[in-house]
Structures are given as structure tokens and as C-alpha cells.
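Please read this briefing beside the sequence and the three-dimensional view.

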Amino acid sequence: MRGIGGCIALILVGAILTFASDWKMEGVNLDVVGLLMMGVGILGLAVYASVMRRRRVSAVVPVVEETRERP
């Protein structure tokens with residue numbers, strides 16, 4: 001999953017597993033799985049935001065114009 005959409009999807013699915021489901025699985029605690037998914041989604045959003053901030057603050061490339069004289 002990439003970008004903001006993937007991170008939001010992880011947070012959404014994690015919240016559903018933690019707060020809105022009453023499923024029981026033997027050997028798996030879905031509340032913990034949901035919390036982990038929400039944590040990974042939030043961490044992904046933070047990393048994505050920091051990477052995008054660095055991309056926006058890129059160096060300004062000077063524009064070089066070439067002029068040609070006609071013979």
C-alpha cells in the first residue's frame with residue numbers, strides 16, 4: 001500500500017477490528033491486531049508527510065536560455 005490512501009485504509013481497518021468487531025479467533029487477539037494496524041497507519045502517515053515535505057523544499061534549478069543568431 002502506498003501513500004496517504006493506504007495509510008488511512010490501515011487506520012480504518014485497524015479501528016474497525018479494535019472498536020467495532022466482536023469476532024473471536026482462537027490464538028489471535030483482534031484488538032491488538034487492530035491497534036497495531038492503526039499504529040502502522042499513523043507511522044506511515046508521519047513518514048509520508050516528512051518525505052513529501054523534503055520533496056517540496058527542493059533546490060531551485062536555474063533556467064538557462066539559449067539564443068541563436070541567424071546567419
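Among contacts in the chain (heavy atoms within 4.5 Å) between residues at least 6 apart in sequence, 50% join residues at least 24 apart. This is a predicted model, in which local features need pLDDT of at least 70 and side-chain atom pairs count only at pLDDT 80 or more, while totals for chains, interfaces and linings use all residues. Residues are numbered from 1 along each chain as its sequence is written, and side-chain values use heavy atoms, with hydrogens and water left out.

**The chain as a whole**
- The chain holds two helices and zero strands; helices (H or I, at least four residues) and strands (E, at least two) are DSSP runs, numbered from the N terminus.
- Of the 71 residues in the chain, 14% are buried; buried means under 20% relative accessible area, exposed over 50%, and partly exposed in between (1.4 Å probe, protein chains only).

**Helix α1**
- Helix α1 has 18 residues and reaches 25 Å from its first C-alpha to its last, close to the 26 Å expected at 1.5 Å a residue; the expected span is 1.5 Å times one less than the number of residues.
- The buried residues of α1 are G6, C7, G14, L17 and T18.
- These residues lie on the same side of α1, because they cover an arc of only 100° around the axis; the arc is that of the directions from the helix axis to the C-beta atoms.
- On the other side of α1, the residues G5, L12, F19 and A20 are exposed.
- G5 counts as exposed because its relative accessibility is 51%.
- Although G5 and L45 are 40 residues apart in sequence, their C-alpha atoms are 9.4 Å apart in space.

**Surface patch**
- I4, I8 and Y48 make a nonpolar surface patch of about 260 Å²; patches are made of residues with over 30% relative accessible area and no salt bridge, with like charges joined within 9 Å and nonpolar side chains (Val, Leu, Ile, Met, Phe, Trp, Tyr) within 5 Å.
- I4 belongs to helix α1 (residues 3-20), and I4 is partly exposed, with a relative accessible area of 42%.

**Salt bridge**
- The count comes to one salt bridge, defined as a side-chain nitrogen of Lys or Arg within 4 Å of a carboxyl oxygen of Asp or Glu.
- The side chains of R68 and E66 form a salt bridge at 3.0 Å, N to O, and both R68 and E66 are exposed.

Notes: Accessible areas come from the Shrake-Rupley method with a 1.4 Å probe; for residues, only the protein chains shown count as cover.
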